[in-house]
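Hello,

Here is the structure I promised to hand over. Have a look at it first, and then read on for what turned up.

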Amino acid sequence: MKRILMILPLFIAVSAYTQIYDFTGETPGNMPANVSLGTNSEPETNDGTIVVSEYNSNNAMECTSIGSTNVGIFDMDLFTSESDYSITWKETYTTARRSGFLLRANGACTNTNYLGMKNGYLFQVNTTANNLRIYSFNGTAVTQLSSVGLTAPGVDTPRWYRATVDGTQLTFEYSDDGSTWNTHINITNSTFSSGSVQYTIGYGQGAGGMFIDDITKGSVISDFTLSPTTLSVSEGSTGTFTIVLDSQPGSDVVIDVSSDKTSEATVSPGT
């Protein structure tokens, strides 16, 4: 009898990808569907411009002009308000900029430099200064929580980013191929517990030439029970195991499972 240890991937690859912007079929020059000018609870509304642009034969989202306070802020209306989730996006540029997504967006940032912005955690890619940053926007206070150097990929070279809020954990990752992820910032903060999503760009570096695509919101499911945790099968036979979520998810969940020794045993189905 061969004893096969079934090892599930870190993070256990449990996710729910049900809300996606890919801009396919949208008309270049028009405002993207389900994207609106950033509005907070003051209420204040940003006056930047964002459109669908054709870039390298594909549609993407591009902010072509920033607002009167030198920041473009836009509500991602497709993404509902939740506590724990991730935002993944593909970013390519012809001009280096400072842009990113505000997670757990709620209430109103009352700092007059950020018209229409909500409170929340800003995960910012700064290709002009070669770093990733996480900020807290809270009322009039703007606090940089972390800044870690990362060399920009260069003009016309895509890079993928993933920002995750999970309890008090804030994680900022990047990928150069869209599948292999590198954790670049991993910190804790408990200021904000839930909210929606805004896209922002500018911060003294202008707009235009920054193309954002494949913007995906995924649920974060970290609590589950696996039974049994190891599985013994004889050659040519099969065995089963069960994964149970410990809490009700906010949307459909996809679980990816794999064997660590595919030459000896395989898992079916893999999702």
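The accessible surface of the protein is about 12,300 Å², and carbon and sulfur atoms hold 45% of that. Please keep in mind that this is a predicted model. Of its 271 residues, 46% count as buried.

On to the fold. The protein has 20 strands and zero helices. Among contacts with a separation of 6 or more, 65% are between residues 24 or more positions apart.

One part to look at is an open sheet of seven strands, paired in the antiparallel sense and ordered E3-E6-E15-E8-E9-E10-E11. Its edge strands are E3 (35-37) and E11 (141-149), each of which pairs on one side only. On average, neighbouring strands in this sheet are turned by 25° against each other, direction ignored. Within it, strand E9 (residues 119-126) and strand E10 (residues 131-138) are joined in the antiparallel sense by seven bridges. Glutamine 124 has arginine 133 in E10 as its bridge partner.

There is also a hairpin to look at. Strand E4 (residues 49-55) pairs with strand E5 (residues 58-65), antiparallel, over seven bridges. Tyrosine 55 stands opposite asparagine 58 in E5. Two residues lie between the strands of this hairpin, and asparagine 56 takes a positive phi near 50°.

Now the charged pairs: the structure holds five salt bridges, and here are some of them.

- Lysine 118 pairs with aspartate 75, with the closest N and O atoms 3.5 Å apart. Lysine 118 sits in the loop between strand E8 (98-106) and E9, while aspartate 75 is in strand E6 (residues 71-76), so this pair ties together parts 43 residues apart in sequence. Lysine 118 is buried at a relative accessible area of 14%, and aspartate 75 is buried as well, at 8%.

- Glutamate 82 pairs with lysine 217, and their closest N and O atoms are 3.0 Å apart. Glutamate 82 is in the loop between E6 and strand E7 (85-93) and lysine 217 in strand E16 (residues 210-220), so parts 135 residues apart in sequence are tied together. Lysine 217 counts as buried, at 1% relative accessibility.

- Aspartate 84 meets arginine 104 at 2.8 Å, N to O. Aspartate 84 belongs to the loop between E6 and E7 and arginine 104 to strand E8, so the pair links parts that are 20 residues apart in sequence. Which of the two is buried? Arginine 104 is, at 1% relative accessibility, whereas aspartate 84 is partly exposed at 27%.

Enjoy exploring it!

Best wishes

Definitions and conventions
Residues numbered from 1 in each chain as written. Predicted model: local features only at pLDDT ≥ 70, side-chain atom pairs only at ≥ 80, totals over all residues. Heavy atoms only, no water. Pairing = 2+ DSSP bridges. Helix = DSSP H or I, 4+ residues; strand = E, 2+ residues; numbered from the N terminus. Buried < 20%, exposed > 50% of the residue type's maximum accessible area, 1.4 Å probe, protein only. Contact = heavy atoms within 4.5 Å. Areas by Shrake-Rupley, 256 points an atom, 1.4 Å probe, with all protein chains shown as cover. Axes fitted to C-alpha atoms, helices over the stretch in contact; angles between N-to-C directions. Salt bridge = Lys/Arg side-chain N within 4 Å of Asp/Glu carboxyl O.
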